[in-house]
Amino acid sequence: MPPSPLEEDIFPSTPGKIKIERTHHHTMNRSFHRCFTSTTTMFLWALLLIALTASYLSIQSFVDSGTRFLHHPIPRDHVIIGGPHWEKKIRASAQVHRVHGLSVLVTGAAGFVGSHVALALKKRGDGVVGLDNFNDYYDPSLKHARRALLDGHNIFVVEGDINNERILVKLFEVVPFTHVMHLAAQAGVRYAIENPHSYVHSNIAGLVKLLEQCKSADPQPAVVWASSSSVYGLNDKAPFSESDRTDRPASLYAATKKAGEAITHSYNHIYGLSITGLRFFTVYGPWGRPDMAYFSFTQNIRKGKRITIYRGKNGVDLARDFTYIDDIVKGCVAALDTSGKSTGSGGKKKGAAPYRIFNLGNTQPVTVPTMVSILEKYLKKKAKKHVVTMLGNGDVPFTHANISLARRELGYNPTTDLPTGLRKFVKWYESYYVEDHRKPVKY
Ligand SMILES: O=C(O)[C@H]1O[C@H](OP(=O)(O)OP(=O)(O)OC[C@H]2O[C@@H](n3ccc(=O)[nH]c3=O)[C@H](O)[C@@H]2O)[C@H](O)[C@@H](O)[C@@H]1O
């Protein structure tokens, strides 16, 4: 007998947008018929219905006010998890096509870094299965376009949340993954003020769900995951080294990434999971995230709309160690290749396993106004700049990576400077949005 497909929960695992299910529909219909027998009872029923509708609407507005900032996987009832057809697709996608190739579960595969890493792995013959909840933090159509790209390379992206244990269990039942590249997260530094709970949901609860699955798997996979340069927080010793202080986060986003480093350490210690955390420094490039400054600036400069440039204390320009996506991908792949094995199985540790953290930056900080002037040159248009001093929004004044450790251990060697990388980004942007007539969503 074919296994019965598990349909994705009607109540998505990400809280929020609740679909009201019409239960007991037929039973209620019958009762209505019995009761609507006289005009008086009809009138009373009408009154009752009005009262019920009013109280339903007020409850609904209460629910909305509590959850309106949580963004969600777009509920797609047709998504089926499990069943022979689904399993066949997963196995085909996870098929390894080279000697000693890896079999990798990439979470956040429809995301910016995830889609690039998934493609790079597949192209060299590794097996890749993607997982992504396609939430609406930014335009989901871009995520679906990235998925289509992966699909064209025979990479199957499962639509589901890392918090959905049933999906994780099922995936590991079908494929004995050697590695997990964990890139699914709630990104964005300043958005944490608006929507703190989504950071806890994805970056803390989701991470633990995934690690629970990895620790119980047999064989245990090695885990490589995305931390962030933001963990350095108020550290002012430049450039930032992995051994510098990371106990003064400036945003909740940074705090959840720092918590992730501590959480992964405990799984490494207790269960023998091999862990590598990568501190990414403001990654940018083609197929990037529309919520990031370089992307939304491009969009607004093209349209002649005003852009807001944040400035730090005493009128100091903010600076970022912008890192090009291709360099980051090489760092991710090298981290997978050098991860070493997890030692445990089925939740039991058998010995010490590697626990590593690396900066993946570019080592050349550039100020935000300089980044804007590079864009102006490529877009052949002046930006309408609105400069504001912004304090306490989660931003740090500058980031600057010391990458000696990644150079030594991963052979990481970034080669793309900001002008070169932005030129490639603008070229992609114009082909994607202008030539293909897609409409960018406002950010
Ligand atoms: O390095 C990292 O770990 C982080 O890099 C980026 O965070 P951020 O550096 O804040 O990137 P953007 O949001 O693109 O901002 C870049 C710079 O532009 C500035 N900015 C942003 C938006 C805006 O409207 N105006 C503006 O001046 C920010 O203050 C910041 O200095 C990513 O968004 C995070 O997800 C990532 O974890």
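Let's start in the sheet: strands β7 and β8 (residues 275-280) run parallel, joined by six bridges. Strands here are DSSP E runs of at least two residues, helices are H or I runs of at least four, and both are numbered from the N terminus. Two strands pair when DSSP finds at least two bridges between them.

A word on the source. This is a predicted model, where local features need pLDDT of at least 70, side-chain atom pairs count only at pLDDT 80 or more, and totals for chains, interfaces and linings use all residues. Residues are numbered from 1 along each chain as its sequence is written.

Back to β7. Strand β6 (residues 179-182) also runs parallel to β7, with four bridges. There, H179 has A222 as its bridge partner.

How many residues of β7 (residues 222-228) are buried? Seven of the seven, so the strand is largely enclosed by the rest of the structure. Buried means 20 or more other C-beta atoms within 10 Å of the residue's own; exposed means 12 or fewer; partly exposed is in between; C-beta atoms are placed from the backbone. In a regular strand, side chains alternate between the two faces of the sheet. In β7, A222, V224, A226 and S228 point one way, while V223, W225 and S227 point the other.

S228 brings us to the ligand. It is among the closest residues, with A187, M292, A293 and L318, in a surrounding set of 19. To count, a residue's C-beta atom, placed from the backbone, must lie within 6 Å of the molecule. Strand β10 (residues 306-311) gives the most to this shell: three residues. By class, the shell has 10 nonpolar, seven polar and two charged residues.

Next, helix α14 (residues 418-435). Its 18 residues should span 26 Å at 1.5 Å a residue, and its end C-alpha atoms are 24 Å apart, which agrees. The expected span is 1.5 Å times one less than the number of residues.

Which residues of α14 are buried? L418, G421, L422, F425 and Y429. They cover an arc of only 90° around the axis, which puts them on the same side of α14. That arc is taken over directions from the helix axis to the C-beta atoms. The face turned away carries exposed T420, K427, S431, V434 and E435.

Last stop: just after α14, H437 takes a positive phi of about 55°.

Definitions and conventions
Ala, Val, Leu, Ile, Met, Phe, Trp, Tyr, Cys and Pro count as nonpolar, Asp, Glu, Lys and Arg as charged, and the others, Gly among them, as polar.
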